[in-house]
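Q: Please take a close look at one part of this model, the aromatic cluster. Then carry on from there to other features.

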Amino acid sequence: MAIVITQVPFLATIYYSMQRWNLQRPGDQAFVGFENYGRVLSNGAFLESLLATVLVTGGAVLFSVLLGLGMAMLLDRRFIGQGIARTLLITPFLMMPAAAALIWKWSMLDSNVGMINWAFSLLGIPPIAWNTDLPIVTIIMVLTWQFSPFMMLIILAGLQSQPQDVLEAASVDGAGPVRSFLFMTLPHLRTYIELAVLLGTIMLLQVFDPIAIMTRGTGGTKTLPYLLYERAFVGLEVGEAAAYGVLTVILTIIVATVALRTLFKIFRTEGVR
C-alpha cells in the first residue's frame, strides 16, 4: 500500500512529462518522449532556478546552523525560565509557512508599517522595500528565522550528549572556554551539525510558500518548486511542469540519499562508542 501511495503519483508524473499537453489546447495532447526534458534543460530557466535554489537553500542552511548553534549553547545551561525560553525558541518552526510569510511580509518588512523599518526610522535610516529591493536576502532571512529552531534541537541534543567529566578535566588542565569549545565541543558536534545540515537541506529544497507570497519568484528567488508551479498553473504547460517535477524529485532523492547514508553512519559510529 505504501508503494502504491508513493510511487503511482510519481509514475504518473513521469508519464505526463512525456506528453505535449497544454490546458489551453486540450485536444493537442500527444506523446513526445523526452522532448519536454530537452526543452527544460535548454531554455535556461531550469539552470537559473537551480542556481536560485542553491543560493536560497545554501544561505538559509548556513545562517540557520550558526544561529541554531548559538541558541543551543545558550539553552545548554540551567537558568530560571529555561523551559519557557526553549518553547518560545521552537515556536517559529511550528508555524505554518504561509502564516509566517504573511507576518514577515506585512508586520515586519513592509516599507510603510513594518516593525523593522520603524526601528530603522528611529536610527535615521531610510525605509527599505525588502521584498522588491532585496528579495533574496528577504527569503533567506525568513527561512533562517523559521529553520533555526530545527537546527537548534539537533545541536542541543549533541551538546547534552557530551560527557561533562571530559570538559571538567580540560578546565582543570587550564583550557579556557574558547579552547574547550574549539578543540572538544565542536569536534563532538560535527556529526550532529552534518545531520542538521543535510536534513535541513532536504526540507529547504521544497520551500514554496515564502517565495510565492513575498517575492513571487522575482529578484533571483525563482526556485525549482516555484518554477514548477509557474509552468503548471500560470503557463498551463502540464507536460513541461511534470518534467520540472521529475528533475526536482531526482535532485531531492540525491540529497536524501546522502543524508540517509550520513545518518546511518552516525548511528553506527555512536553504536561503536
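A: **The aromatic cluster and beyond**

F208, Y226, Y229 and F233 are joined into a cluster by ring pairs. Keep in mind that this is a predicted model, where local features need pLDDT of at least 70, side-chain atom pairs count only at pLDDT 80 or more, and totals for chains, interfaces and linings use all residues. Residues are numbered from 1 along each chain as its sequence is written, and side-chain values use heavy atoms, with hydrogens and water left out.

What counts as a ring pair? Rings of Phe, Tyr and Trp (its six-membered ring) pair if their centres lie within 6.5 Å; planes under 30 degrees apart are stacked, over 60 edge-to-face, and the rest tilted. The structure holds 12 aromatic pairs.

Helices here are DSSP runs (H or I, at least four residues), numbered from the N terminus. F120 is partly exposed at 22% relative accessibility, while W130 is buried at 9%. Those words have cut-offs: buried is under 20% relative accessible area, exposed is over 50%, and partly exposed is in between (1.4 Å probe, protein chains only).

Now return to the cluster. The ring centres of Y226 and Y229 lie 5.5 Å apart and their planes meet at 50°, so this pair is tilted. Both residues sit in helix α12 (residues 224–234), 3 residues apart, about one turn of the helix. An α-helix has 3.6 residues a turn, so residues three or four places apart point the same way. Y226 is buried, with a relative accessible area of 5%. Y229 is partly exposed at 30%.

Next, look at the loops on either side of α12. R216 is in the loop between α11 (209–215) and α12. Its phi is positive, about 55°, although R216 is not a glycine. R216 counts as exposed, at 57% relative accessibility. L236 lies in the loop between α12 and α13 (238–272). L236 also is not a glycine, yet its phi is positive, near 60°. At 22% relative accessibility, L236 is partly exposed.

What lines the largest cavity? T53, V56, T57, L204, L205, V207, I211, T223 and P225 do. A cavity is a set of points, on a 1 Å grid over the protein atoms alone, where a 1.4 Å probe fits but cannot get out; lining residues have an atom within 4 Å of a point. A search of the whole structure finds 1 cavity of 30 Å³ or more. Helix α3 (residues 45–75) gives the largest share of its lining, 3 residues. By class, the lining has 6 nonpolar, 3 polar and no charged residues.

Last comes helix α8 (residues 135–160). Its 26 residues reach 37 Å from first C-alpha to last, close to the 38 Å expected at 1.5 Å a residue. That expected span is 1.5 Å times one less than the number of residues. In α8, a kink of about 40° lies at F147, shortly before the proline P149. The bend is the angle between axes fitted to the seven residues ending there and the seven starting there. In α8, 19 of the 26 residues are buried, so this helix is largely enclosed by the rest of the structure.

Methods:
Helices (H or I, at least four residues) and strands (E, at least two) are DSSP runs, numbered from the N terminus. On a 1 Å grid over the protein atoms alone, a cavity is a set of points where a 1.4 Å probe fits but cannot get out, and a pocket is an open set with protein on both sides within 12 Å along at least five of seven lines; lining residues have an atom within 4 Å of a point. Grid points are joined across faces, edges and corners, and a volume is the space filled by probe spheres set on the points. Ala, Val, Leu, Ile, Met, Phe, Trp, Tyr, Cys and Pro count as nonpolar, Asp, Glu, Lys and Arg as charged, and the others, Gly among them, as polar.
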